[in-house]
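Subject: Structure handover

Hello,

Here is the structure I promised to pass on. Please open it and keep it beside you while you read the notes below.

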Amino acid sequence: MRKIFQIALGILAAIGGFVDIGDLVFNIEAGAQFGYQLLWVVVVGVVGIIVYSEMCGRVAAVSKRPVFDAIRERLGFGVGLGALASSQVVNLMTLAAEVGGVALVLQLLSGLPYRALIVLGIVALAVVIWVSPFEWIERIFGYGGLALLVFAVAAIKLHPNWGDVAYGLVPHVDTPDKLVYAYFAVGLLGAAMTPYEVYFYSSGVVEEGWTPKDLGLNRANALIGYSLGGFLSFALMITAGALFLPLGIEPEFIGTVALGAQVPLGQIGLILALVGILFAVGGAAIDTCFSGAYNVAQYFGWEWGKYRRPAGAPRFTVAWVVLLVLALLVIMSGIDPVMLTEYAVIFSVVALPLTYLPVLLVANDRAYMRSHANGRLANTFGLIYLVVILVVAVSAIPLMFLTHQGQG
Amino acid sequence: MRLSDLLNVEVRTESGKSIGRVHDLRAELTPRTLKVTGLVVGGLGLLERLGIGAPTAGARVRTDDVVPWSAVVRADRRGVVVRDGTKPS
Amino acid sequence: MRQAEDLDLGLGLLDHQLVDSEGRRCGNVDDLELEGIAEGAPRVAAILSGPPVWRGRGRLGRLAAWIVPGDTVRVPWEEVEKIESAVELRKTCRELRLGRGDDRARRWVERIPGA
Amino acid sequence: MSRPATIGVALAVLAFSGCGGGRLSQEELQKEFEAIQSLAAEGALVADGVADGRTTETFVSVHAQYLSEAARQIQTDVSAASGPSEKRSVERLASLVFQDLEELHREPDDRALAARLRIRLELYAAAAEKRAR
């Protein structure tokens with residue numbers, strides 16, 4: 001029974017962490033622009049996050065060191081501080097975008113003014129974090145996010161050409177806009193492998209006091225959780241490819257995502273989609289908020305953890321409160337959450353190598369890992385993905401420039 | 001003297017030939033003390049600083065890029081001077 | 001502590017987490033104080049922690065030390081219990097004067113209901 | 001300010017400086033036609049849901065407003081700039097699409113109206129698509 005509950009940790013990380021506003025935006029936009037052509041990138045991204053989150057979870061379970069400890073230990077004070085600063089900027093942008101997303105969905109459900117809902121959303125998130133035990137947050141948002149499965153039904157009901165869908169799993173480029181294609185490939189990879197997922201997950205593993213005995217669970221979480229997340233990405237992209245591409249619709253709003261379920265499934269599809277987005281994006285907001293606090297506390301060696309009462313880890317508590325307030329200011333400035341999401345995902349790609357290189361190094365250190373150090377399989381995949389990440393990190397910002405954020 | 005004073009400074013022989021930089025200090029941990037036994041120098045030393053092939057990394061790749069402390073003539077933040085003929089490979 | 005074994009100071013100690021005798025996290029190994037270099041028998045005399053110590057940690061370190069207030073805390077090597085993935089200390093952080101930033105912040109956080 | 005933040009601000013400035021004022025090229029006008037097609041087609045989908053009673057009033061009202069604001073934004077941007085003769089038709093189409101979306105926003109429960117709006121928006125989308133080529 002305990003095991004089943006613990007797998008919920010994986011589901012939360014999968015739905016709340018994997019499918020966040022970045023995945024919604026990039027999968028829907030990629031589908032609307034290129035149909036099913038980029039499905040293979042989702043597979044690449046999902047395998048990547050499985051490889052690295054398994055590694056981070058293993059390091060955390062065996063050595064009790066979460067990701068940002070490893071970053072500072074291996075990269076040193078200076079480079080580590082650079083990694084901290086860049087990851088905090090990305091975290092804040094992502095958090096602000098998720099909060100904006102929560103407010104937009106609440107608006108589509110209630111019709112109340114957007115800005116009032118931003119404040120309401122922030123307050124609700126703060127209260128949820130403050131009063132509820134972590135297990136509750138996990139279950140509420142994890143299971144709520146499962147409503148996104150409505151997009152799987154929507155994708156099927158839209159009768160996509162399954163042959164084309166299958167062909168999408170084979171890497172190919174069939175478009176004159178090769179740069180835009182590359183931009184979306186980079187964005188999809190970034191959205192799938194966002195670093196805050198592993199900051200959050202590895203810290204959670206340490207907080208839950210996992211030991212090497214839990215490594216099987218860790219592997220199951222990574223595999224099942226992120227595969228489910230990848231499955232939802234597929235559903236979103238296929239929905240957009242079947243519905244929006246033929247009509248020439250370029251999705252720019254959160255409402256457009258929900259429309260993808262409303263058209264084939266009617267009112268019930270619409271409500272389920274909105275509820276699913278609300279929980280997935282709300283859960284991701286909590287994840288990013290905590291990731292930010294974890295990172296700064298771990299870098300500076302402060303006490304941290306949300307299993308403790310807020311006063312047990314005071315600077316950690318202050319850190320997440322400050323992040324929420326900053327996110328409130330950013331999103332209240334009126335910046336479009338969808339555009340902010342795109343920036344956040346692209347910048348997170350640039351910061352990826354600084355996160356994953358130290359993890360790979362530590363996972364090979366037998367002083368930490370003893371018999372649980374990386375095997376040949378984990379190292380092969382780890383190295384391949386490190387190369388992929390480096391290429392993507394170098395090309396992300398130039399591509400954003402050249403394509404005007406995918407506008408061509 | 002602090003560890004950070006020595007990290008990354010240049011290592012020269014008494015006759016002035018550079019043999020690289022101090023990437024790390026090797027030490028010996030006993031129940032009561034932590035004695036410095038050598039300098040990790042050279043290209044492989046850099047990898048060691050990142051944890052590839054270090055003594056703790058299990059697979060000890062090589063130790064001949066460590067200059068024993070007995071060869072050190074002078075060490076401060078301006079640089080480390082070692083006896084002639086000392087060379088890490 | 002384990003038997004005599006090799007340890008690289010930069011890799012195995014520097015920037016690692018400090019944990020006190022009650023399991024509380026209380027800062028990082030920001031630098032190490034070395035002794036006996038002139039005598040040809042150098043050893044680690046103490047762990048140094050706190051913002052002013054960052055000054056020795058490169059340009060970004062100097063900048064960070066300039067921005068962040070705080071004191072240097074010197075933990076004599078004798079207070080080290082064991083070196084695992086974190087550095088475990090023999091005393092509580094209060095006795096060693098570590099983790100005072102958390103103590104200061106606690107006074108504020110405690111005022112909020114439910115903390 | 002950290003480097004990513006600086007880059008972010010710089011990029012945001014660059015991204016915004018591309019809009020408004022100045023002279024529109026043929027290619028830019030084409031992009032505007034594409035944007036109008038997208039908004040009109042999406043509006044038609046929303047209206048279709050209303051006509052069939054398969055959606056919620058709140059969703060239609062809120063989402064149609066976002067779409068109509070985007071259409072109005074195109075109209076304002078284009079009328080502020082100079083450009084080839086097609087500029088006029090962009091403006092006209094954008095304003096027609098804006099008006100219909102605005103109506104959908106105000107009457108999200110009128111099924112008969114929605115059926116008419118759907119047909120009109122589909123026509124606008126088709127017209128914009130033709131011009132975008």
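**Chain B: order of elements**

Read from the N terminus, the elements of chain B follow the order α-β-β-β-α-β-β-β. That gives chain B two helices and six strands. Before you go further, note that this is a predicted model.

Chain B has 89 residues, and buried residues make up 52% of them. Take the contacts in chain B between residues at least 6 apart in sequence. Of these, 44% join residues at least 24 apart.

Start with strand 2 of chain B, residues 18-29. A hairpin of four residues links strand 2 of chain B to strand 3 of chain B. The two strands run antiparallel and are joined by seven bridges. One pair to look up is Arg26(B), whose bridge partner in strand 3 of chain B is Gly38(B).

Strand 3 of chain B covers residues 34-41. How many of its eight residues are buried? Six are, so strand 3 of chain B is largely enclosed by the rest of the structure.

Strand 3 of chain B also pairs with strand 4 of chain B, residues 66-68. The sense is antiparallel again, with three bridges. Here Leu39(B) has Val67(B) as its bridge partner in strand 4 of chain B.

While you look at these strands, keep one general point in mind. In a regular strand, side chains alternate between the two faces of the sheet.

**Where chain B meets chain C**

Four pairs of chains touch, and chains B and C have the most contacts among them. On the chain C side, 28 residues are in contact with 30 residues of chain B. Together the two chains bury about 2,600 Å² between them. Carbon and sulfur atoms carry 60% of that area.

Which three residues supply more than any other three of the area that chain C buries against chain B? They are Asp6(C), Asp8(C) and Leu11(C), with 23%.

Strand 2 of chain B and strand 1 of chain C run antiparallel, joined by four bridges. Leu29(B) is part of this, with Glu5(C) as its bridge partner in strand 1 of chain C.

There is one salt bridge between chain C and chain B. Arg26(B) forms it with Asp8(C), and the closest N and O atoms are 2.6 Å apart. Arg26(B) is bridged to Gly38(B) in strand 3 of chain B.

The interface of chain C and chain B also has 13 residue pairs in polar contact, both residues being at pLDDT 80 or more. Four elements of chain C each give two or more residues to the side that touches chain B. They are strand 1 (5-8), helix 1 (9-12), strand 4 (31-35) and strand 5 (43-49). The residues on that side of chain C divide into 16 nonpolar, four polar and eight charged.

Now go to Arg72(A). Find it in helix 4 of chain A, residues 67-110. Is Arg72(A) buried or exposed? Buried means under 20% relative accessible area. Arg72(A) has a relative accessible area of 1%, so it counts as buried.

What surrounds it? Leaving aside neighbours within four places in sequence, Arg72(A) is in contact with residues of chain A and chain C. In chain A these are Phe77(A), Tyr299(A) and Phe300(A). In chain C they are Asp15(C), Asn28(C), Val29(C), Asp30(C) and Arg57(C). A polar atom of the Arg72(A) side chain lies 2.8 Å from the backbone oxygen of Tyr299(A).

Next, find Leu278(A) in helix 12 of chain A, residues 254-300. Its relative accessible area is 18%, so Leu278(A) is buried too. Not counting residues up to four places away in sequence, Leu278(A) touches Val102(A), Val105(A), Leu106(A) and Leu109(A). Leu278(A) and Ala103(A) are 175 residues apart along the chain, yet their C-alpha atoms are separated by 8.7 Å.

**Chain D**

Chain D has five helices and zero strands. Of its 133 residues, 47% count as buried. Among contacts in chain D with a separation of 6 or more, 77% come from residues 24 or more positions apart.

Which chains does chain D not touch? Chain B and chain D do not touch, and their nearest C-alpha atoms are 24 Å apart. Chain C and chain D do not touch either, with nearest C-alpha atoms 11 Å apart.

Best wishes

Terms used
Residues are numbered from 1 along each chain as its sequence is written. Chains are lettered from A and ligands numbered from 1 in the order in which they are written. This is a predicted model: local features need pLDDT of at least 70, side-chain atom pairs count only at pLDDT 80 or more; totals for chains, interfaces and linings use all residues. Side-chain values use heavy atoms; hydrogens and water are left out. Contact means heavy atoms within 4.5 Å. Buried area is the accessible area (1.4 Å probe) that two parts lose on being put together, summed over both. A salt bridge is a side-chain nitrogen of Lys or Arg within 4 Å of a carboxyl oxygen of Asp or Glu. A polar contact is a pair of N or O atoms within 3.5 Å; within protein, one must be able to donate a hydrogen and the other to accept it, and residues adjacent in sequence count only if both atoms are side-chain atoms. Ala, Val, Leu, Ile, Met, Phe, Trp, Tyr, Cys and Pro count as nonpolar, Asp, Glu, Lys and Arg as charged, and the others, Gly among them, as polar. Two strands pair if DSSP finds at least two bridges between them. Buried means under 20% relative accessible area, exposed over 50%, partly exposed in between (1.4 Å probe, protein chains only).
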